[in-house]
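Please open the model in the viewer and show it as a cartoon. The stops below are given in the order in which they may be selected.

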Protein chains: 2
Amino acid sequence: MLHFTAADFPELEKVFRLNLINGITGFKSANLLGTQDATGHPNLALISSVVHLGSDPALLGLMMRPPTAPRHSYDNIRATRYYTLNHVHTGILRAAHATSANVAREISEFAACALTPQYHDNFAAPYVRESHVQIGLELVEELPIQANGTVLLVGHVRHLYLPPAALRPDGSLNLPAAGTVALSGLDTYYTAEPVARYGYARPGEPVPELPF
Amino acid sequence: MLHFTAADFPELEKVFRLNLINGITGFKSANLLGTQDATGHPNLALISSVVHLGSDPALLGLMMRPPTAPRHSYDNIRATRYYTLNHVHTGILRAAHATSANVAREISEFAACALTPQYHDNFAAPYVRESHVQIGLELVEELPIQANGTVLLVGHVRHLYLPPAALRPDGSLNLPAAGTVALSGLDTYYTAEPVARYGYARPGEPVPELPF
């Protein structure tokens, strides 16, 4: 067993530390964050920090990095209050990763990465046409984290678009049917195969096994 | 394309809505949260809401549900300030899922689910002996979310234990080598296979492909 302590981390080479600490939580979601500025210029960014906050109301969180780096997405969300999350799938991996390049504010990552902004139902933020699962959110709360200057954005799900094949009769999603990938660390994309599905666990009872 | 709006969600059957909204973010991490109370009684809970907050200092977030439900883990973290995260792997899926049963405070999920508390390096919270990747954290901040009463706990990574086979020379983790699984929604566990690894993206340059 390897052992690192908090005293070791500052001594690690920077890229090694970034790779290590970005990987230790386990698999992550890979989503494209679609926004636009007050004049309608679209922006797209790859994010792996989306977290479920609650189902009623339907709330999702995402982390934004400290304001020391240019944060076009964050500025756009604050300006318009609306944003989209779009699942990365196997057909758009390279284009999705390319959105993480640090381009100038006036350049749209959509155009630079050959992805297509799509507008539905008068929503004030662009979706990614190539994504199969698209979520439209409205900003409801911002929580700055003192410890490192990141910000948790809390969004209310206003719209959800998904392919019929990705929705099971009980409301659960079949993510492989949507081509959705998982991400580890900063750079590695995975496809996933289900190995077990379990029902609601009750004390003293065997955990029920469900079909996929 | 199926389309749900915010107005539809309250009308959905409750379990359908839970399944749907818990699944829309994409793949999630599956970790066991180890805690103990002030008198040393251990507790274990499955969580899928861990999020990377920063690498320097090494900070991880996790969401806690509103205080309307019993929250033994949260009470323990507040009492001791220390907790552990332990990757769920293919060998402990059923036991890990069973920790989500709602047992009485005096019952240890370790014992109820046949998992073993392990203490290393004088750390004041139990790890899961059966987990291959173990993280020891100290609580540094709590952020209550007004919109639904959940709480974001910010923890500083104090210890990290992992098997040599799971660490690549550049610091990135080989999660399949650790047996680590991904989770979707509330109940489906996945193994994952890498399909692409890309280097740092630079504007106007092709995205470099890296070996796994």
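The model is a predicted one. Begin with helix 1 of chain B: its buried residues pack against strand 5 (51-55) and strand 6 (58-64) of chain A, and also against strand 12 (182-184) of chain B. To see which residues these are, select residues 14-23 of chain B, the extent of helix 1; the buried ones are B:Asn19, B:Leu20, B:Ile21, B:Asn22 and B:Gly23.

Next, display the open sheet of six strands, whose order is 2(A)-12(A)-13(A)-13(B)-12(B)-2(B) with antiparallel pairing. Its edges are strand 2 (28-29) of chain A and strand 2 (28-29) of chain B, each of which pairs on one side only. Strands of a sheet pair through backbone hydrogen bonds, either parallel or antiparallel.

Within this sheet, select residues 188-197 in both chains: strand 13 of chain A and strand 13 of chain B are joined in the antiparallel sense by nine bridges. Here A:Pro194 can be found opposite B:Tyr190 of strand 13 of chain B.

Now move to strand 10 (residues 134-144) of chain B, which pairs with strand 7 (residues 82-87) of chain B in the antiparallel sense over five bridges. Selecting B:Tyr83 shows B:Leu137 of strand 10 opposite.

Strand 10 of chain B also pairs with strand 11 (residues 151-162) of chain B, antiparallel, over ten bridges.

Methods. Residues numbered from 1 in each chain as written. Chains lettered and ligands numbered in written order. Predicted model: local features only at pLDDT ≥ 70, side-chain atom pairs only at ≥ 80, totals over all residues. Buried ≥ 20, exposed ≤ 12 C-beta atoms within 10 Å, placed from the backbone. Helix = DSSP H or I, 4+ residues; strand = E, 2+ residues; numbered from the N terminus. Contact = placed C-beta atoms within 7 Å. Pairing = 2+ DSSP bridges.
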